[in-house]
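Hi there,

Here is the structure I promised to pass on to you. Have a look at it first, and my notes follow below.

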Amino acid sequence: ESVCVFGGREGERGRADMLAMVVLHSLPSPPSCSTAPLIRTSAHRNAPNSSPIKKFPWLIVGLGNPARKYEGTRHNIGFEMIDAIAEAEGIRLNTVQHRALTGKGEIGDAQVLLAKPMTFVNLSGESVGPLAAYYCIPVQQILVVFDDMELELAVMRLLSKGGHGGHSGIKSIIQHLKASREFPRLRIGIGKPPGNMDPKTFVLQHFSEREREEVDISIARGVDAIRQVTNQGIEKAAATWNEIRKSRVKLTKEESEMLSCI
């Protein structure tokens, strides 16, 4: 069902190659539905004769490719966002489940399951579909974070639903969610390939030093965006976020502090 990985966050990143081998050569778990909550809060544990919390958790998925050589590439910005929110919220990514590196925790009052599919980007749905089915998570509470060439570098957009826009990872997720396009997504701009460069080559390139600075700022802001989604809902969060973040603007004091901790 799952494989536990011991060690801290840095150790988990360093074992990317090993994790990929474990997951890609393991048999897929059957998509049965778990009736237990992701986590039990202290209030829930102490309540006499308490029953499982009925509130649906959030599944937050960052897309990327496993293996150390892909770390820091444009296509792996979703992985970086999951690492950032995990660090900010104290959630350990220490279990391989349904072909994904996962971690359970809370963001505010919301229960969350963070996931980094180890299937490679183009096959992300093979992990996301079974994870959502196992935890009975409705598609409206699956937030997918991914790179987008249609957006200017470091610009982000929150959407409550949509198509795949030519992104193979999103196409795979739609396919494995029974053709549903109703899941929220956080798009992070990586810009367009220069000249006649093949897009497949472009997304596997590393960011330049200047680009890296802008991407780090974007990731710091993305942590706040995810917090808004899980605690306010996608519609309200998208309405406020997209209006404020129409372009790359000067960091607020809070964002600067957050960035310094990443």
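**The largest pocket**

The largest pocket holds about 520 Å³ of space (a volume is the space filled by probe spheres set on grid points, which are joined across faces, edges and corners). A pocket here is an open set of points on a 1 Å grid over the protein atoms alone, where a 1.4 Å probe fits, with protein on both sides within 12 Å along at least five of seven lines; lining residues have an atom within 4 Å of a point.

Before going further, please note that this is a predicted model: local features need pLDDT of at least 70 and side-chain atom pairs count only at pLDDT 80 or more, while totals for chains, interfaces and linings use all residues. Residues are numbered from 1 along each chain as its sequence is written, and side-chain values use heavy atoms, with hydrogens and water left out.

Of the 26 lining residues, His-75, Met-149, Gly-166, His-167 and Ser-168 are the closest to the pocket's centre. Strand E6 (142-148), helix H6 (168-176), strand E8 (185-189) and helix H7 (199-202) each give two or more residues to the lining (helices, H or I with at least four residues, and strands, E with at least two, are DSSP runs numbered from the N terminus).

E8 pairs with E6 in the parallel sense over 5 bridges (two strands pair if DSSP finds at least two bridges between them). Phe-146 has Arg-187 in E8 as its bridge partner. Strand E7 (residues 156-159) runs antiparallel to E8, joined by 4 bridges, and Leu-158 stands opposite Leu-186.

**Helix H6**

Gly-169, Ile-170, Ser-172, Ile-173 and Ile-174 are the buried residues of H6. Their cover includes helix H5 (125-134), E6 and E8.

**Val-61**

Val-61 sits in strand E2 (residues 58-62) and counts as buried, because its relative accessibility is 0%. Leaving out residues up to four places away in sequence, Val-61 touches residues including Ile-82, Ala-115, Leu-143 and Val-144 (contact means heavy atoms within 4.5 Å).

Best wishes

Terms used
Buried < 20%, exposed > 50% of the residue type's maximum accessible area, 1.4 Å probe, protein only.
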